[in-house]
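I opened my notebook today to get to know a new protein.

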Amino acid sequence: MNTDTHAAVADHHHDDHSHGSLSTYLLGFVLSVVLTAIPFWLVMSGALPSKQITALVIMAFAVVQIVVHMIYFLHMNTKSENGWSMMALIFTIVMVVIALSGSLWVMNHLNSNMMPIHEMTGMK
């Protein structure tokens with residue numbers, strides 16, 4: 001590989017990718033700690049009036065935390081890789097919403113079908 005080709009390849013790699021700095025990694029770490037601590041506190045303190053609202057808030061925090069990890073640790077943005085990482089972000093958000101809502105749906109049906117109230121209380 002001659003020096004012109006090597007310089008072009010090096011320029012191409014530096015222009016396409018956004019590498020994080022110490023400050024962006026620390027910001028991502030602090031955000032991830034906060035986005036973990038708040039749902040933990042919500043569950044442990046029972047601050048919200050219903051379990052359904054608590055579950056929805058925790059799901060929202062989970063989606064935000066995944067986006068934070070993708071931006072600060074995987075360096076996804078609209079400029080790198082000709083916008084394909086933004087498509088990956090959108091795909092990830094859609095898949096997370098499907099997985100979280102499907103999990104809640106399955107758990108709700110497992111609870112209602114596998115633990116009937118009349119068997120638990122001894123009623124016939």
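**Before I start.** I am looking at a predicted model, where local features need pLDDT of at least 70, side-chain atom pairs count only at pLDDT 80 or more, and totals for chains, interfaces and linings use all residues. Residues are numbered from 1 along each chain as its sequence is written, and side-chain values use heavy atoms, with hydrogens and water left out.

**Entry 1: the fold.** I looked up the elements and found five helices and zero strands, in the order α-α-α-α-α from the N terminus. Helices (H or I, at least four residues) and strands (E, at least two) are DSSP runs, numbered from the N terminus. Of the 124 residues, 16% are buried (under 20% relative accessible area; exposed is over 50%, partly exposed in between, with a 1.4 Å probe and protein chains only).

Entry 2: Is Trp 84 buried or exposed? I found Trp 84 in helix 4, residues 84-114, and Trp 84 is exposed because its relative accessible area is 60%. Val 96 lies in helix 4 too, but Val 96 counts as buried because its relative accessibility is 16%.

Entry 3: Next I checked the largest pocket, which holds about 300 Å³ of space. A pocket is an open set of points on a 1 Å grid over the protein atoms alone, where a 1.4 Å probe fits, with protein on both sides within 12 Å along at least five of seven lines; lining residues have an atom within 4 Å of a point. The volume is the space filled by probe spheres set on the points, which are joined across faces, edges and corners.

Which helix gives the largest share of the lining? Helix 4 does, with five residues. Helix 3 (51-72) and helix 4 each supply at least two. Among the lining residues I listed Lys 51, Leu 56, Trp 105 and Asn 111.
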